[in-house]
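Hi there,

Here is the structure I promised to pass on. Have a look at it first, and then read my notes below.

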Amino acid sequence: MKVPMSWLREYVRVGASAEEIADLLSVATAEVNGIERRGPSDTALFRVGVVLTADKHPNADRLQLCTVDVGEKQPAQIVCGAWNFGAGATVAVALPGATLPNGITLERRELRGQMSEGMILAEDEVGLGTDHEGIMVLADGTKPGTPLTEVLPLVEEILDVEPTGNRPDLFSVYGIAREVAAIFDGELVPLSEAKPPQAAEEQLDIRIDDFEGCPRYVGRLFRDVTIAPSPLWLQARLRDAGMRAISNVVDVTNYVMLAVGNPLHAFDYDTLEGGRIVVRRAKKKEQLRTLDGAMRELQPSDLVIADAKRSIALAAIMGGEETEVSERTTNVLLEAANFEPIGILRSSERLALRTEGSNRWEKGVDPYLAGPASTLATQLLVQLTGARWTGAADVHGDLPARRTIRLRPERTNEVLGLDVPAERQGAILARFGFDADGDGFRVPTWRARDVTREIDLVEEVARFELSEIPFTLPEKDVSFGSLTREQKLRRVVEDALVGCGYSEAYTPSFPVTADTVALRQAIVPSLIEAARLNASVDNSGIALFEVARVYLAEERRHVAGVVQGGIADARWAVDQIYAALKLEPSYAQATEPYLHPGKAARTAEGWVGELHPNELEGTWGAFELDLDALTASAPEALRAVDVSPFPEVRQDLAFVVDDEVPAAALAEAIVEAGGPEVRDVAVFDEYRGEQIGAGKRSVAFRVAFGSHERTLTDEDAAAIRSRIVAVLHDRYGAELRA
Amino acid sequence: MDTQALQQDALDAIASATVLADLDEARVKYLGRKSELKLALREVRDRETGMALNAAREAIESAVAARQAELERAELDAKLSSERVDVTLPAELLGDVHPRPRGHLHPTTLIRRDVEDAFIGLGYEIRDDREVETLEYNFDKLAFPEWHPARSPRDTYFLDANRVLRTETSASQIHAMEERKPPIYMVSIGRVYRRDAITPTRFPIFHQFEGLAVDRHITMADLKGTLLHVMRALFGEERRVRFRTHYFPFTEPSMEPDVSCGVCGGEGCATCKWSGWIEIGGSGMVDPQVLANVGLDPDEWSGFAFGLGLERAAQLRYDIPIIRPFWENDLRFLRQF
Ligand SMILES: [Zn+2]
């Protein structure tokens with residue numbers, strides 16, 4: 001909501017500056033995003049001038065040479081390119097030294113051999129409009145030399161206020177003024193109730209068929225309307241508030257909406273069939289061309305304004321093209337109604353059609369506002385269009401009564417943590433329009449939607465006292481915080497991977513640019529994308545990991561990685577993850593969708609291997625593990641085992657086996673056959689060659705034997721070793737190499 | 001010519017091709033220049049026949065393309081399988097394990113850990129709840145009014161009529177209060193989702209941390225003090241915090257906390273848009289309706305809640321003006337942390 005300060009000050013008398021108002025509004029009412037300033041920064045050299053002479057420039061056919069009384073002893077000679085004025089015209093003048101809003105500073109200078117001392121202004125040159133057809137001709141009767149700011153809205157400060165959705169009352173200048181008056185204890189100027197004289201008593205045919213959708217409809221008829229551009233002051237206000245000026249009648253409806261918050265609509269009365277207004281739900285298959293030119297298919301849930309034959313407006317959202325006010329309009333029916341918000345919201349959502357009006361209606365507008373809104377509009381229409389006001393109707397059902405809400409002042413203090421005396425609470429609430437009523441307060445009509453409970457009254461006090469509330473910490477009886485096991489182990493895994501040289505990535509849970517949400521079931525594909533990006537910018541040593549949720553039958557946390565290098569690099573990282581969690585991985589040959597079919601392994605918790613060459617150019621390793629499964633299997637407690645005082649015996653054993661026999665199976669058999677004295681088994685070499693034969697390989701193990709009771713002898717070791725050799729031979733046909 | 005029968009024959013032949021050469025033979029037979037189909041297409045006179053023949057041609061072409069991709073992948077995989085290694089070998093026997101300098105945690109994680117530590121210090125538990133939420137938990141129990149824009153598919157990702165990607169971590173409040181009776185002091189951290197155009201400062205996914213304290217006699221002053229403590233833990237002891245009134249469905253009164261700008265110290269600069277303050281999230285007193293929704297008596301229990309963005313906090317702490325690098329994962333960015 002853009003709020004021009006001059007407009008605001010019309011409604012509230014307060015000494016505070018725009019900055020002070022912005023600061024306190026931000027804290028107590030709604031955020032002020034900024035203050036925009038329009039117009040020249042220094043207005044001293046902008047004056048009202050009266051043209052004394054205006055003749056063709058002696059050396060230029062398209063220029064006028066004027067002398068202008070600007071209140072100085074000598075008139076100023078000014079060369080001007082416009083011809084829409086002559087001697088005697090009252091004009092706006094900028095004198096040499098003045099800086100225009102576009103940053104240009106005027107100087108005395110010669111134009112085609114004639115000195116020009118200043119500029120006669122067009123509206124676009126001072127930011128008052130876009131018209132550059134001619135200069136601004138002002139109303140006669142102003143003394144030459146009068147500061148221009150006294151007759152034109154030359155400068156403006158505009159607050160950019162962002163009200164929250166629960167405060168429809170703040171989508172108007174008057175609503176903001178009400179808050180400013182309350183916060184600064186300033187005087188709020190009541191909206192004028194003065195109605196211009198009604199010229200006739202024409203009957204208006206207005207009927208509401210659906211009081212739920214439309215609790216109130218105020219209609220006003222105006223005859224002999226002259227459609228014309230609005231005066232500059234009104235155009236400037238509309239533009240400053242972010243709307244376009246169109247013509248006087250439409251501008252008045254927009255002006256009143258911005259002023260008091262009640263959107264209005266104007267119909268060309270002569271286009272209404274039977275001169276009738278009916279508020280009803282749309283009929284099945286009913287169509288309406290709205291004034292943006294689109295043909296709208298209506299549904300029975302849409303509220304429409306109709307005449308005797310057809311719908312003529314999408315209620316609260318947009319008028320219809322056929323009944324729109326045009327240059328030819330002479331009779332206007334003004335609508336100041338009230339509409340129920342949720343239905344409007346649904347229609348506007350379905351039709352993907354939002355307007356300044358629907359944006360207010362969908363939040364809920366005070367039904368009592370239609371009165372003052374129609375009064376203000378009537379004043380302006382009569383004043384600006386020369387119209388006669390000839391008819392009025394106010395059709396309504398039961399309007400909601402003001403509710404009284406009980407407030408316990410001690411409750412306020414309990415919520416705030418600040419002692420605000422009951423009288424002060426009452427005074428604050430009174431300023432915001434809540435009248436004391438027994439042990440409660442009566443809610444003003446414009447707050448009826450968002451203040452319905454005691455806590456809502458508490459908030460009114462709280463927002464006024466917000467800066468006074470101290471900073472404390474809860475007094476707690478319980479006080480023990482700790483990461484859960486899963487959270488601790490997540491950190492362990494993250495740190496292990498960082499130690500392996502992996503950097504952490506965050507990738508989207510689904511392709512965010514797609515139309516539909518396809519939640520991912522694995523992280524690796526996103527990491528492949530991230531790796532591809534890194535490769536494309538020539539980053540080296542790419543190693544990325546991520547811990548995130550995947551979305552299977554249930555959500556699971558996974559940890560995944562992609563690394564430049566190959567299966568060995570990925571396996572190393574997976575080994576470190578298991579080691580960090582005090583787990584022993586067991587790998588098995590596998591096929592996995594993203595992996596090279598010959599270089600893929602599964603563990604109980606996931607997979608690791610080399611990326612399939614179709615996935616990413618180059619040689620890459622990748623892994624993806626179920627972190628929840630990993631942390632669930634990690635041991636809860638560790639028990640230390642004494643280091644044996646007796647030295648271990650180490651032996652290297654190499655076996656020739658068929659290629660298909662996995663090294664891990666052999667290692668397992670060694671432990672099993674060797675018995676408890678086998679302390680450690682590690683593969684340290686794999687060899688293929690002619691001496692060994694096709695389809696076979698040699699796998700070499702370093703085996704450590706030891707005992708907690710004694711030092712093992714060579715004979716002990718030889719016995720264990722022969723058990724191992726026998727079992728490996730029986731089970732896998734393995735031959736011990738000499 | 002029986003177009004349907006021809007198409008079926010072609011599809012059968014394509015499906016039964018087990019090597020690329022067979023597939024190519026089928027392609028020539030059914031789609032080649034002298035194929036029955038192509039000849040018929042040349043002779044076609046009426047629109048209807050033409051459409052039928054073209055439909056058959058398209059079906060056969062796409063079947064060939066699909067089968068070709070399958071066979072190529074199968075041939076590639078057969079070749080790759082001959083490179084098979086024994087994956088049960090130790091890593092260093094599978095290939096070179098390249099030594100790498102230490103990696104880097106993502107800035108979002110660095111902030112997450114600081115948030116966790118700050119709240120553990122205050123005696124809070126840390127939660128990590130589901131991201132796919134029901135309307136009941138994401139909106140209804142949090143007292144979102146019917147008109148609230150977040151309920152619209154324009155703002156929120158709906159998975160079906162009843163499930164959404166959570167729009168804030170606030171659903172954790174309900175889970176925490178339903179799981180046990182107060183006192184509750186918890187912080188929930190995780191991903192949240194909002195349908196937003198991707199811009200330099202917005203991404204449809206971000207991380208929030210959501211705090212909740214429910215106990216007897218919790219006050220707004222306690223909320224202010226707690227957030228001041230956390231802001232200082234995240235951004236430094238010299239920071240100040242101010243509060244502005246705001247609106248959230250699940251808190252009343254509601255406030256937005258601002259932290260004093262770290263770039264200018266509160267004097268005003270471009271980072272803080274000359275206000276000296278930086279918006280950092282939302283907060284408020286738990287709405288009595290929310291307490292009632294989980295069966296707590298609002299006259300007996302009170303609480304506060306707040307939600308802030310991890311990326312936003314990381315942006316402020318590390319002076320990262322835009323969001324894009326948080327999701328792009330360029331190592332030139334990540335290696336700075
Ligand atoms: Zn700053």
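**Chain B overall, then a sheet in chain A**

Chain B has 13 helices and ten strands. Its radius of gyration is 30 Å, well over the 20 Å that the globule rule gives for 337 residues, so chain B is more spread out than a compact globule. Please keep in mind that this is a predicted model. Along the principal axes, the C-alpha trace of chain B spans about 85 × 55 × 45 Å.

Of its 337 residues, 56% count as buried. If you take the contacts between residues at least 6 apart in sequence, 65% join residues at least 24 apart. The accessible surface of chain B comes to about 14,800 Å², and carbon and sulfur atoms hold 50% of that. As for charge, chain B carries 43 positive and 55 negative side chains, with the centres of the two sets 5 Å apart.

Now over to chain A. Seven of its strands form an open sheet with mixed pairing, in the order β28-β29-β30-β34-β33-β32-β31. At the edges of this sheet stand β28 (503-504) and β31 (588-589) of chain A; each has a single partner strand, so one side of each is left without a neighbour in the sheet.

Within that sheet, take a look at β33 (residues 606-611) and β34 (residues 620-626) of chain A, which pair in the antiparallel sense over five bridges. Here W607(A) stands opposite E624(A) in β34(A).

Best wishes

How values were computed. Residues are numbered from 1 along each chain as its sequence is written. Chains are lettered from A and ligands numbered from 1 in the order in which they are written. This is a predicted model: local features need pLDDT of at least 70, side-chain atom pairs count only at pLDDT 80 or more; totals for chains, interfaces and linings use all residues. Side-chain values use heavy atoms; hydrogens and water are left out. Helices (H or I, at least four residues) and strands (E, at least two) are DSSP runs, numbered from the N terminus. The radius of gyration is taken over C-alpha atoms; the globule rule is 2.2 Å times the number of residues to the power 0.38. Buried means under 20% relative accessible area, exposed over 50%, partly exposed in between (1.4 Å probe, protein chains only). Contact means heavy atoms within 4.5 Å. Accessible areas come from the Shrake-Rupley method with a 1.4 Å probe; for residues, only the protein chains shown count as cover. Lys and Arg count as positive and Asp and Glu as negative; His and the chain ends are not counted. The place of a charge is taken as NZ of Lys, CZ of Arg, CG of Asp or CD of Glu. Two strands pair if DSSP finds at least two bridges between them.
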